[in-house]
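Have a look at the model first, then read on.

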Amino acid sequence: MNLPLIIRAEKHNEKTAILVPRGCANATTDGVFTYRDLLHISSQIATGLIQNTEDLQEQRVAFLIPPGFEYVATQWGIWRAGGIAVPLCISHPRPELEYVITNSGASIIIAHPNFEGILRSLAQEHNLRFILTSETLPSNIAHLPEVDITRRALILYTSGTTGKPKGAVTTHQNIQAQVTSLITAWEWTSSDRILHILPLHHIHGIVNVLTCALWAGAECHILSKFDTETVWRRIGDGDLTLFMAVPTIYVKLIAAWENASKERQKSMSEGCAKMRLMVSGSAALSVQVLEKWQSVSGHFLLERYGMTEIGMALSNPLHGERLSGYVGKPLPEVEVRLVDESTELVPPGTPGEIQVKGPGVFLEYWQNPQATAKAFQDGWFCTGDTAVVENDNYRILGRMSVDIIKTGGYKVSALEIEEVLREHPDIQECAVVGVGDLEWGERVCAALVLQGSQPLTLQAFRSWAKERLAIYKVPTQILTVEELPRNAMGKVIKPTVVELFAILKHNQADQDVRPM
Ligand code: AMP
């Protein structure tokens with residue numbers, strides 16, 4: 001039996017699956033690709049991957065390809081060959097790529113020629129098979145393995161409260177459950193047409209947009225790079241039915257709308273009005289942004305809550321009243337509960353930790369049974385987020401750990417960044433915090449105790465850090481202090497560090513990073 005995703009695609013053969021607008025910056029291949037194209041090319045990729053074996057048997061295949069048809073065909077090719085897909089992040093510097101490749105134990109790397117320089121040398125160093133997407137694909141299709149849905153499909157790296165990111169493993173069955181829950185709740189059909197502007201190493205872009213669209217037999221129009229002009233132009237064309245983004249993207253789209261001429265504003269707003277649904281998630285949506293977007297687009301954004309490890313858990317309704325500041329109720333097939341420190345259920349009106357159960361919840365952290373065991377209580381996944389139920393709707397209150405920062409939709413770990421910053425020869429001690437920001441949700445900021453006599457400029461600091469950390473993890477503001485505020489136990493008091501930045505508005509670098 002083929003994977004259900006493949007069987008479904010066969011029914012849509014001649015329908016458009018992926019459309020990549022012509023001339024789209026960074027696009028690897030532009031044009032229109034049918035489900036038949038996707039099935040054919042992915043079977044060729046799978047054939048090339050399995051070589052003389054019959055099945056990759058869950059070998060990890062790391063791949064770095066800009067958003068577009070080649071990305072999707074490769075992801076499907078890995079699945080059809082029986083491998084586990086490990087998507088790499090385009091904006092990651094070498095050390096982060098190397099970490100994901102080695103931690104996942106990838107045996108094969110697939111790279112677009114844009115990334116050949118870094119990835120070929122990593123493959124050589126670690127003795128891995130290296131494939132370029134520009135290589136000729138085999139013309140004879142091999143007999144592809146039957147892949148059971150209980151097998152592992154995907155590893156997505158996600159930051160937590162400890163050190164380095166962990167690989168969250170989902171099976172085909174988990175992904176299927178995540179997708180069907182959203183298809184039911186948001187009534188996806190094969191007539192849908194969605195604009196894809198999200199990164200393809202994160203659940204939001206991979207599951208909520210790409211896989212939902214392909215499961216439904218819909219059209220996924222992929223922009224390989226986010227820029228407000230292109231997004232607005234596509235929305236203005238008036239042929240899209242769905243749009244999903246993080247709050248920071250909505251803030252940027254609002255700013256571009258405000259700068260447009262009256263005539264253009266009208267066509268932008270008309271394009272929005274033609275859509276049936278616009279969704280926000282991956283970070284808290286402020287009521288201010290929600291209201292502004294409503295005046296721009298006529299849409300009351302549907303806010304949902306989810307996480308790499310669980311898929312989507314809570315959502316405002318497609319039909320019926322959506323409440324601003326709330327994330328609604330549990331999605332189909334998802335169980336949600338709120339508990340206190342002693343794992344007792346809390347009554348409505350009392351804050352508690354969100355815990356989630358259901359077929360969409362991930363299998364494990366890759367080769368980290370201890371972290372996996374710690375993340376569950378009696379079969380419930382502990383999200384580390386707190387919420388309260390009011391009038392039957394969940395309201396997210398925040399995260400239990402100050403060391404998890406959400407910036408532009410990206411989840412980053414303060415501890416991971418601190419570990420890297422301590423390698424800087426001039427930095428003796430540091431504390432990384434998230435400071436509230438209207439546009440980015442939070443900005444990554446670092447208080448530093450320096451050693452040596454040289455002052456450290458923000459520019460020099462950032463260029464050093466960018467070589468070691470993903471751009472969205474690099475602090476945009478630094479503050480040199482004599483000593484870090486600590487409590488009696490010697491632990492850094494992070495809220496006090498946040499206050500230091502709140503009064504310091506100057507000397508701030510631009511967020512030269514695309515939001516998620
Ligand atoms: P990620 O695994 O990168 O998708 O990040 C998941 C985290 O994003 C959650 O644990 C929450 O802290 C946060 N998050 C997701 N959706 C929302 C939302 N609607 N409101 C507030 N926080 C959210």
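Which residues do ring pairs link into a cluster? The cluster is made up of W232, F243, Y250 and W293. This is a predicted model, in which local features need pLDDT of at least 70, side-chain atom pairs count only at pLDDT 80 or more, and totals for chains, interfaces and linings use all residues. Residues are numbered from 1 along each chain as its sequence is written, and side-chain values use heavy atoms, without hydrogens and water.

**Aromatic pairs**
- Searching the whole structure turns up eleven aromatic pairs (Phe, Tyr or Trp rings, the six-membered one for Trp, with centres within 6.5 Å; stacked if the planes are under 30 degrees apart, edge-to-face if over 60, tilted for the rest).
- W232 and W293 are stacked, at 5.8 Å centre to centre with 25 degrees between the planes.
- Because W232 belongs to helix α8 (residues 228-236) and W293 to helix α11 (residues 287-297), their pair ties together parts 61 residues apart in sequence (helices are DSSP runs of H or I, at least four residues; strands are runs of E, at least two; both are numbered from the N terminus).
- F362 and F376 also form a stacked pair, with ring centres 5.8 Å apart and planes at 15 degrees.
- F362 sits in the loop between β17 (352-357) and β18 (364-365), and F376 in strand β19 (residues 376-377), 14 residues apart.

**Burial**
- Both W232 and W293 are buried (under 20% relative accessible area; exposed is over 50%, partly exposed in between, with a 1.4 Å probe and protein chains only).
- F362 is buried at 3% relative accessible area, whereas F376 is partly exposed at 23%.

**Charges over rings**
- K164 lies over the face of Y99, 5.3 Å from the ring centre (NZ of Lys or CZ of Arg within 6 Å of the centre and within 35 degrees of the ring normal).
- The charged end of K166 is placed over the ring of Y365, 4.9 Å from its centre.
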